[in-house]
Amino acid sequence: EEEVEEKKMFGGLAFMVRGKMTVTVSSRGQELVMVRIGKEMEKQVLPKNGASVTVMKNRLYHGYIDLDSEGQKELSYWIKLALAYNQELSQSSET
């Protein structure tokens, strides 16, 4: 029931929840999923098979995680983390 919007972003299709990027699907050389889980959660879950910090233009984007085909096998796990972080962001912007 949340407000979900699709937007072209990061060379793929981003799914925005409450106006914030949550999940992006692209094909930068291979099928890739990027999730936004925040820096604190990143520290807790990496290293995990098939997951790495997002790199764009040779720069690390901490808090954003790229999932290769191995990581995508646990896609529902990653989406739950991304939605939880999105909820945190939304709550903090309301106060």
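Is Tyr61 buried, partly exposed or exposed? Tyr61 comes out as partly exposed, because its relative accessibility is 25%. Keep in mind that this is a predicted model, so a word on confidence comes before the rest.

**Confidence**

The average pLDDT of the chain is 89, and 93% of the residues reach at least 70. Looking across the chain, strand S6 (residues 59-67) has the highest confidence, at 95. Helix H2, which covers residues 75-94, has the lowest, with a mean of 89.

**The sheet**

What order do the strands take in the sheet? Reading across, it goes S1-S2-S3-S4-S6-S5, with six strands in an open sheet and antiparallel pairing. The edges belong to strand S1 (4-9) and strand S5 (51-56); each has a single partner strand, so one side of each has no neighbour in the sheet. From one strand to the next, the twist averages 35°.

Now for some of the pairings. S3 and S4 are antiparallel and share four bridges, and Ser26 sits opposite Leu32 in S4. S4 is also joined to S6 by four bridges, again running antiparallel. Here Met34 has Asp66 in S6 as its bridge partner. S5 and S6 run antiparallel too, with six bridges between them, and Val53 faces Ile65 of S6 across the pairing.

As for cover, strand S4 (residues 32-36) is mostly tucked away: four of its five residues are buried.

**Around Val23**

Val23 is a handy spot to look at in strand S3 (residues 20-26). Is Val23 buried or exposed? With a relative accessibility of 11%, Val23 is classed as buried. Leaving out residues up to four places away in sequence, Val23 touches Leu13, Ala14, Phe15, Val33, Met34, Val35, Ile79 and Ala82. Take Val33 from that list: Val23 and Val33 are 10 residues apart along the chain, and their C-alpha atoms are separated by 7.1 Å.

**Aromatic pairs**

How many aromatic pairs does the structure hold? There are two, and here is the geometry of each.

| Pair | Centre to centre | Angle between planes | Type |
|---|---|---|---|
| Tyr61 and Tyr64 | 6.5 Å | 85° | edge-to-face |
| Tyr77 and Trp78 | 5.1 Å | 80° | edge-to-face |

Why is the pair of Tyr61 and Tyr64 edge-to-face? The planes of the two rings stand at 85°, and an angle over 60 degrees is what counts as edge-to-face.

Trp78, at 0% relative accessibility, is buried.

**Charges over rings**

For Tyr61 the charge belongs to Arg59, whose charged end is 4.5 Å from the ring centre. For Tyr77 it belongs to Lys48, with its charged end 5.0 Å from the centre of the ring.

Tyr77 is another, where the ring pairs with Trp78 and lies under the charged end of Lys48.

Conventions. Residues numbered from 1 in each chain as written. Predicted model: local features only at pLDDT ≥ 70, side-chain atom pairs only at ≥ 80, totals over all residues. Heavy atoms only, no water. Phe/Tyr/Trp six-rings, centres within 6.5 Å; stacked < 30°, edge-to-face > 60°. Buried < 20%, exposed > 50% of the residue type's maximum accessible area, 1.4 Å probe, protein only. Lys NZ or Arg CZ within 6 Å of the ring centre and 35° of its normal. pLDDT = per-residue confidence, 0-100. Helix = DSSP H or I, 4+ residues; strand = E, 2+ residues; numbered from the N terminus. Pairing = 2+ DSSP bridges. Axes fitted to C-alpha atoms, helices over the stretch in contact; angles between N-to-C directions. Contact = heavy atoms within 4.5 Å.
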